Amino acid sequence: MKSSCGAVWVIAEQIGGRILMESLQLIGHARKLADEIKTSVEVVLLGDKLNGQSRQLFAAGANKVYLGNNPELTCYQQEIYTEIIVRLAKEHKPEIVLIGSTSTGRELAPLVAARLETGLTAHCIDLVLNEDKLLEAMVPAYGGLLTITCPEKRPQMATVAKGVFPTPEPDENRTGEVVPLDAPGEVPHRIETLEVIYEEPEGIPLESAPIVVAGGAGAGDHEGWQVIADLAEVLNAALGSTRPAVDEGWTELETMIGQSGKIVNPELYIGVGLSGELQHMVGIVGAQVMVAINNDAKSPVFEQVDYGVVDDCRGFIPVFIEKIKEYWSRNT
Amino acid sequence: MLKIVVCVKAVPDPKQERKIRINPVTKTLIRGDIPLVLNPLDKNAMEAALQLKEQLDAQIVVLSMGPPSAGNIVKECLALGADQGFLLSDLAFSGADAYATAYTLAKGIEKIGSYHVIFCGMASSDSSTEWVGPEIGAFLKIPIVTRVKEIIETEGEWWKVKASLDNGFRVVQVKIPAVLTVTRELNNPRTLSFSGIIEARKREITHWGINELCVSDDSVGLKGSPTIVSNMASIELKREVEIITGTREEKAEQLIQKLVEAGVI
Amino acid sequence: MIDFTFTEEQELFRKAAREFAESKIAPKVSEMEETAKVVDEVVKALGEAEMMALTIPEEYGGLGLGYVARLIALEEISRVSVATAMMLQIFALGTEPIIRFGNQEQKQKYLPGLAKGERLATIAVTEPTGGSDPKGCRTSYKKDDDSYILNGRKCFITNSHIADTITVFAVDEENPEAFSTFVVEKGTDGFKPTHEEHKVGMRGCNTGELVFKKCRIPAENLLGEEGKGLRIAMSAIGDVGRGGMVGCALGLHTACLEASVKFANERILYGKPISKLQTIQNKLADMKIDLEAGRLLGFRAASMQDKGERASNEFAVAKYFTTEAAQRAAKTAVDIHGGYGCMEEYPVTRYLRDSAVLGPSAGTSDIMKVIIARWVLS
């Protein structure tokens with residue numbers, strides 16, 4: 001496909017040869033953007049012993065895959081990964097570069113952007129093209145939505161969290177071109193990943209849980225947080241959080257829901273002691289039924305949920321838990 | 001002697017951030033009178049530097065870019081135990097995105113001169129991009145490690161650190177000079193002490209503007225920012241809410257009833 | 001033009017004190033309330049945070065800070081625990097006579113330990129027959145070779161049972177017009193703390209009785225000149241004592257207002273938070289007006305003192321106003337809480353009890369008016 005402007009790129013990510021869901025979702029959305037500006041979707045995939053992954057990328061919407069496939073690229077290595085992507089981008093001049101908001105993506109993206117001397121929008125919740133075909137990246141802030149653009153510099157770059165865009169239905173009939181990448185040659189060697197340890201996340205994973213209980217600053221302290229965790233356990237729910245709760249040290253960064261955390265789509269969401277900040281709420285817009293428990297009747301969260309309980313979480317939740325247990329014992 | 005640079009940011013007090021709102025008509029920010037405080041994760045960056053200083057022969061330089069009122073957070077870092085403070089403040093620096101911010105800070109670090117390690121908080125509480133640390137590294141052409149949660153080895157040129165990943169962690173060996181962005185897990189930041197505040201009287205904050213940094217005005221601030229905020233909208237994720245009332249027991253029972261009816265528990 | 005702004009450094013002092021109070025004192029408040037005892041960890045934490053060192057000169061291991069800094073610290077600590085602020089304020093009150101009137105040896109001997117919190121101080125003036133009127137003092141001293149012998153009883157002494165260094169005010173056994181001040185150390189023969197009071201509020205600080213029975217103390221423990229002790233006691237109480245109570249009152253007042261605002265925003269009545277009701281707004285505004293006025297009075301007096309001016313009259317005005325206002329604020333806070341204001345899990349009940357102790361401490365409101373009237377008529 002010959003195009004008038006540069007391509008839409010996705011920097012795909014793999015772990016042990018498995019393409020991450022966020023990469024496929026980005027390719028799916030890149031496809032839409034590319035069609036609008038009549039250009040192609042090109043994916044950069046770096047790894048080792050890769051075989052057949054390109055077909056998956058084509059099926060998701062890619063036209064071309066730049067494939068780096070050698071032992072040096074097994075896992076993310078900062079200097080060599082950055083070097084390959086920067087050189088490739090300088091050569092092919094993409095119009096747009098999208099990267100998943102994974103921990104690796106968040107390190108790689110700013111390095112690439114700074115070296116390409118271009119802008120990078122963080123953790124967008126939507127990406128659209130305006131009438132001038134300029135990429136508009138939507139970022140929640142201050143109870144509203146900022147539209148961020150990069151009018152002059154190219155490529156236009158953005159990172160996007162998992163779940164922001166749907167996973168595209170694979171179309172096995174699609175094919176494309178695989179461009180093998182040579183080793184980049186001399187790269188400085190000042191940093192090396194020695195070891196990567198994957199830890200089983202405790203409890204139920206947020207992304208797939210039918211029920212999510214999320215806690216915020218209103219927990220007050222560790223004890224208050226434990227009360228919220230108890231509710232999650234009783235409901236067999238995944239436990240999520242807001243940034244203030246993470247900042248207070250009650251929970252890990254991995255539990256954070258929202259723009260710079262995870263995007264979830266549960267059947268039931270219960271927000272406890274949180275105020276309904278947009279940065280958090282954009283992570284759960286897909287929930288079927290939403291409940292808020294907060295002692296501040298004026299809290300904006302009560303305008304964004306289906307059911308509200310105005311009460312102190314430490315006082316209410318133990319009663320709520322008892323009643324849930326009672327209900328279950330009556331109905332089983 | 002080990003020279004440590006800590007980059008810090010003055011952010012609106014996160015506890016009061018809710019007060020900042022977008023005016024839906026004028027599409028400008030209503031800032032209120034929220035005080036500027038030290039970005040929470042930058043406290044962990046400061047603590048990392050202070051702990052190194054306790055173990056090694058080290059000097060800590062604090063660097064910030066911001067309005068003149070950001071001087072108070074630099075002063076706070078001096079009171080925590082930093083040796084020198086620099087504030088990059090100029091009207092020309094205002095409106096900077098992460099790229100222009102990192103560029104300006106990198107220029108500041110170059111002017112400070114020698115350095116061995118640069119600590120930054122992983123992200124700021126107000127913009128949370130996580131870009132500034134890595135981009136400083138890119139501009140200075142030195143390696144970076146993001147999300148550092150443990151510093152394992154600091155002997156010699158090759159340091160070993162543990163850094164968080166989405167579902168686990170990695171152990172990284174990095175040659176200094178390097179930029180390390182830190183997470184909350186790294187340490188427990190100390191609190192201010194009165195004698196520290198008194199000690200800091202002896203240490204002046206150096207103010208640098210665009211002339212001192214020898215940068216052109218189209219490479220900093222709004223002009224030097226590749227990205228712009230082209231629109232601000234107040235959005236509403238409104239749902240029709242039903243507030244459940246009654247005694248605690250009644251509220252709990254009613255809520256369960258509603259959730260059962262909705263088929264979600 | 002008068003500058004009413006705090007300096008950058010003073011703002012940092014406030015931040016440091018608040019962080020300290022919220023992280024180290026707040027978790028101990030319920031223990032203090034339940035046991036009605038001094039909690040050792042609180043005393044230790046005060047020492048570690050250099051709170052006993054604030055006004056002690058640097059050459060004796062202190063921080064050499066002034067009254068404004070002290071007022072800021074007390075205000076922040078009292079906002080979390082009035083009892084702790086009271087204990088701290090009396091440490092300073094017991095230390096001040098040594099700073100002002102002690103000789104080189106006395107300062108060397110006592111101040112470094114007091115600054116570190118290894119030694120705790122108090123002052124003993126009040127007696128069953130006279131507190132506000134020190135001339136009614138019955139505790140007597142008599143010179144005997146190179147020592148003095150003390151006899152008598154002191155009451156309502158804050159830190160009575162925990163203090164190691166007690167500044168004692170006494171009258172010459174042979175001359176009812178001559179008063180002297182002595183440093184008595186814990187463990188001295190013939191001296192002991194006896195009865196411990198059970199106060200309505202400020203339960204976490206200790207108040208009690210001291211008894212001196214043929215208590216022999218070495219002559220070098222005399223502070224200043226023999227017979228000139230009235231000035232020593234009065235100057236410490238006039239500035240440090242009253243100034244300290246202003247800090248306690250302002251902190252409590254702030255806590256009352258914060259608790260009231262929080263409750264008024266949370267409590268729903270007629271389908272909306274009670275903060276929407278004008279009657280509640282009126283109460284909140286009254287509390288705020290009093291708090292603002294009290295802070296101006298208190299910090300004005302403190303900054304006069306820091307400039308080396310005499311401020312005991314100004315402190316009397318501030319002490320009267322802020323402690324009265326804090327009592328009103330505590331009552332109003334309880335009123336705003338309605339029925340919840342009677343439940344001990346709400347901190348306003350503690351504020352109300354604590355506020356009751358503010359008035360009589362370091363001179364009742366009536367005594368403040370006597371002093372203020374004397375100032376007006378002089």
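Predicted model: local features only at pLDDT ≥ 70, side-chain atom pairs only at ≥ 80, totals over all residues.
1. Housekeeping: residues count from 1 along each chain as its sequence is written, and chains are lettered from A in the order in which they are written. Local features need pLDDT of at least 70 and side-chain atom pairs count only at pLDDT 80 or more, while totals for chains, interfaces and linings use all residues.

2. Buried here means 20 or more other C-beta atoms within 10 Å of the residue's own, with C-beta atoms placed from the backbone; strands are DSSP runs of E, at least two residues, numbered from the N terminus.

3. In a regular strand the side chains alternate between the two faces of the sheet. On strand 9 of chain A, one side has Leu135(A), Ala137(A), Val139(A) and Ala141(A), the other Glu136(A), Met138(A) and Pro140(A), and all are buried.

4. On one flank, strand 8 (residues 126-129) of chain A pairs antiparallel with strand 9 over 4 bridges; pairing takes at least two DSSP bridges between the strands. Leu129(A) has Leu135(A) as its bridge partner. This hairpin has 5 residues between the strands, and Lys133(A) takes a positive phi near 65 degrees.

5. Strand 10 (residues 144-149) of chain A also pairs antiparallel with strand 9, over 5 bridges, with Ala137(A) opposite Ile148(A). Here 2 residues lie between the strands, and Tyr142(A) in the turn has a positive phi of about 50 degrees.

6. As for chain B, buried residues make up 51% of its 265 residues, and its C-alpha trace spans about 70 × 45 × 40 Å along the principal axes.

Technical notes:
Buried ≥ 20, exposed ≤ 12 C-beta atoms within 10 Å, placed from the backbone.
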